[in-house]
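Please work through the following exercises with the sequence and the structure at hand. Each task is followed by a solution in steps.

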Amino acid sequence: LIEIIKREDNYRARQFAAILLQKCGPKAVERLKHLLVLEISAEERLRILQIIDTLTSDLKTELFHALGDEDANVRKAAYRMVERLEDSRVIEWLHQFLQSQSPVLVISAVKCLGNLRPPNIEANLIELLNSTDDDQLRIACCRALGQIAKPLCVDSLFNLLRPRRAFIFRKNHDSQVRAAAAFALGQISHAKAVESLARFVDDGDPRVREIARKTQKSASS
């Protein structure tokens with residue numbers, strides 16, 4: 001049954017095998033869980049992730065590995081599994097994953113939390129955004145804050161758009177980070193966000209400039 005789940009492309013066949021595997025008892029389910037953290041192929045991990053939550057929701061260790069997986073498709077399957085599980089335990093796990101030393105895992109946790117939008121998560125994401133020097137993590141935080149779209153997010157997003165002038169040797173924020181911050185600000189329906197973007201209608205980055213002008217146009221119409 002496990003071999004069918006690992007190797008069969010047909011989802012219904014794998015789902016039926018999972019139903020039968022569950023009848024084999026908890027040891028059989030544990031064996032399938034262990035495979036997710038062993039050195040099997042990405043395709044096999046992907047197939048297991050697509051059905052394993054029909055067998056059990058006790059998947060913290062497996063989710064930890066899957067969200068930090070080097071394969072993008074495996075991570076996407078893990079995101080979808082998080083959305084299917086969506087309970088208080090999963091939110092707690094994702095909060096814990098934010099403290100990981102693995103940038104890939106932290107970024108994955110941020111993306112999931114942005115999609116799930118649990119209460120008051122914006123405070124954690126703002127703290128992470130303000131403390132990290134990793135541009136990819138900044139981009140993920142910006143996108144998540146744009147999905148949450150609360151006025152509390154405005155100041156931190158605005159600060160990413162402003163030029164750094166404190167020290168001459170400090171480079172300005174990456175253009176991708178600035179674009180992500182501008183887009184996130186554009187998702188926040190609040191006067192403070194509109195006012196913040198108004199300062200960038202003539203920005204040198206065409207993406208930032210377009211978002212700022214579009215927001216101004218929408219606000220005035």
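The model is predicted: local features need pLDDT of at least 70, side-chain atom pairs count only at pLDDT 80 or more, and totals for chains, interfaces and linings use all residues. Residues are numbered from 1 along each chain as its sequence is written, and side-chain values use heavy atoms, with hydrogens and water left out.

**Exercise 1.** Determine whether Arg47 is buried or exposed, and list its contacts.

Step 1. Locate the residue: Arg47 belongs to helix α4, residues 42-49. Helices (H or I, at least four residues) are DSSP runs, numbered from the N terminus.

Step 2. Apply the cut-offs: buried means under 20% relative accessible area, exposed over 50%, and partly exposed in between (1.4 Å probe, protein chains only). Arg47 has a relative accessible area of 17%, and is therefore buried.

Step 3. Find the contacts, meaning heavy atoms within 4.5 Å. Apart from neighbours within four places in sequence, Arg47 contacts Ile5, Lys6, Arg7, Glu8, Asp9 and Arg14.

**Exercise 2.** Classify Glu39 by its accessibility.

Step 1. Glu39 sits in the loop between α3 (26-35) and α4.

Step 2. Its relative accessible area is 82%, so Glu39 is exposed.

Step 3. For the distance to Leu129, compare sequence and space: Glu39 and Leu129 are 90 residues apart in sequence and 33 Å apart in space, C-alpha to C-alpha.

**Exercise 3.** Identify the residues of the nonpolar surface patch.

Step 1. Accessible areas come from the Shrake-Rupley method with a 1.4 Å probe; for residues, only the protein chains shown count as cover.

Step 2. Leu1, Ile4, Phe16, Ile19 and Leu20 make a patch of about 430 Å². Helix α2 (residues 11-22) gives the largest share, three residues.

Step 3. Ile19 lies in helix α2; its relative accessibility is 44%, so Ile19 counts as partly exposed.

**Exercise 4.** How many disulfides are there?

Step 1. A disulfide is a pair of cysteine sulfur atoms within 2.5 Å.

Step 2. By this rule, the count is zero. Cys142 is in no disulfide, as the nearest cysteine sulfur, that of Cys141, is 7.1 Å away.

Step 3. Cys142 has a relative accessible area of 0% and is therefore buried, whereas Cys24, at 54% relative accessibility, counts as exposed.

Technical notes. Helix = DSSP H or I, 4+ residues; strand = E, 2+ residues; numbered from the N terminus. Patch = residues over 30% accessible without salt bridge, like charges linked within 9 Å, V, L, I, M, F, W, Y side chains within 5 Å. Salt bridge = Lys/Arg side-chain N within 4 Å of Asp/Glu carboxyl O.
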